[in-house]
Amino acid sequence: MRRIFCFGLIVASWLTPALASDTDASPLAGTWRIDPSLSSDLSGWDTLKLIIAVDGPRITLTRQFASGRRTFTDVASVDLSRTVNVVAVDFWPDNRYIGAYMGGDKTKKLKFRVLNDGHLLRTSADFVLATQQGEHEVNVLRNYKVSSNGMQLTLTVLRSTRDEPIIYVFQRVLDDSATAPKGKAN
């Protein structure tokens, strides 16, 4: 039993330096890859990578979607010192198969809050989607919660247009050299 405990300490000491570079600024900061076996369906995409960068009051969320040769990168950079951030949106990648597109002024009004000593990021986005039936105001609430060991992130998405929450589970990427989707398309 003592050998197993010592082995665990050695493994933990190897992982700690690798994690320190990603989590010094915030437990949320780093690159995260979706675990499809634990997540809701991506609705038209095969993979999703989430990159969270924290620089003082600025948080940048980058979502990299891919399906075959088709890729799309969605970036939202916000300043936590502002009450509301307005972000331009070219394309709405969520549920791309349902025929809903960015409408209105093609912007998202974002509110961000960091809670639980940086282990939870809560966002609220208000925007307009255009469908065959006309334009509809949509609100999307997202909770990004990092596990206590810093290796898993659970994203819970609540949309005003859905009755059920969407759950995505991500694993922290420690070596990201060969996994980035290339290009930007929609």
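**Entry 1: the largest pocket**

I sorted the lining of the largest pocket by residue type and got five nonpolar, five polar and two charged residues. A reminder to myself: this is a predicted model. The space in this pocket comes to about 150 Å³. I then listed who lines the pocket: W92, I98, G99, A100, L129, T131, Q133, H136, V138, R159, T161 and R162. Strands β8 and β9 are the elements that each give two or more residues to this lining.

**Entry 2**

How many cavities of 30 Å³ or more does a search of the whole structure find? My search came back with two. The largest cavity holds about 180 Å³ of space. It has 15 lining residues, and R63, D74, K108, R142 and Y144 are the closest to its centre. Two or more lining residues come from each of β3 (58-67), β4 (70-79), β7 (107-115), β8 (120-131) and β9 (134-146). By type, I noted nine nonpolar, one polar and five charged residues around this cavity.

I moved on to pairing. Strand β1 (residues 30-34) runs antiparallel to strand β2 (residues 47-55), with four bridges between them. For W32, I found the bridge partner L50 in β2. Strand β2 also pairs with β3, again in the antiparallel sense, over nine bridges. On that side D55 has R58 in β3 as its bridge partner. Strands β2 and β3 make a hairpin with two residues between them, and G56 in the turn shows a positive phi of about 60°.

**Entry 2: aromatic pairs**

For rings, I keep two values: the distance of the centres and the angle of the planes. The whole structure gave me three aromatic pairs, and I wrote up two of these.

One is W45 with F65, a tilted pair at 5.1 Å centre to centre and 40° between the planes. W45 sits in the loop between β1 and β2 and F65 in strand β3, 20 residues apart, so this pair links distant parts of the chain. Are W45 and F65 buried or exposed? Both are buried.

Another is W92 with F127: the ring centres are 6.4 Å apart and the planes lie at 45°, so I logged this pair as tilted too. It also links distant parts of the chain, with W92 in the loop between β5 (85-88) and β6 (101-102) and F127 in strand β8, 35 residues apart. W92 has a relative accessible area of 7%, so I count W92 as buried. F127 is buried as well, at 6% relative accessibility.

Notes
Residues numbered from 1 in each chain as written. Predicted model: local features only at pLDDT ≥ 70, side-chain atom pairs only at ≥ 80, totals over all residues. Heavy atoms only, no water. 1 Å grid on protein atoms, 1.4 Å probe; cavity = no way out; pocket = protein on both sides within 12 Å on 5 of 7 lines; lining within 4 Å. Points joined across faces, edges and corners; volume = space filled by probe spheres on them. Nonpolar A, V, L, I, M, F, W, Y, C, P; charged D, E, K, R; others polar. Pairing = 2+ DSSP bridges. Phe/Tyr/Trp six-rings, centres within 6.5 Å; stacked < 30°, edge-to-face > 60°. Buried < 20%, exposed > 50% of the residue type's maximum accessible area, 1.4 Å probe, protein only.
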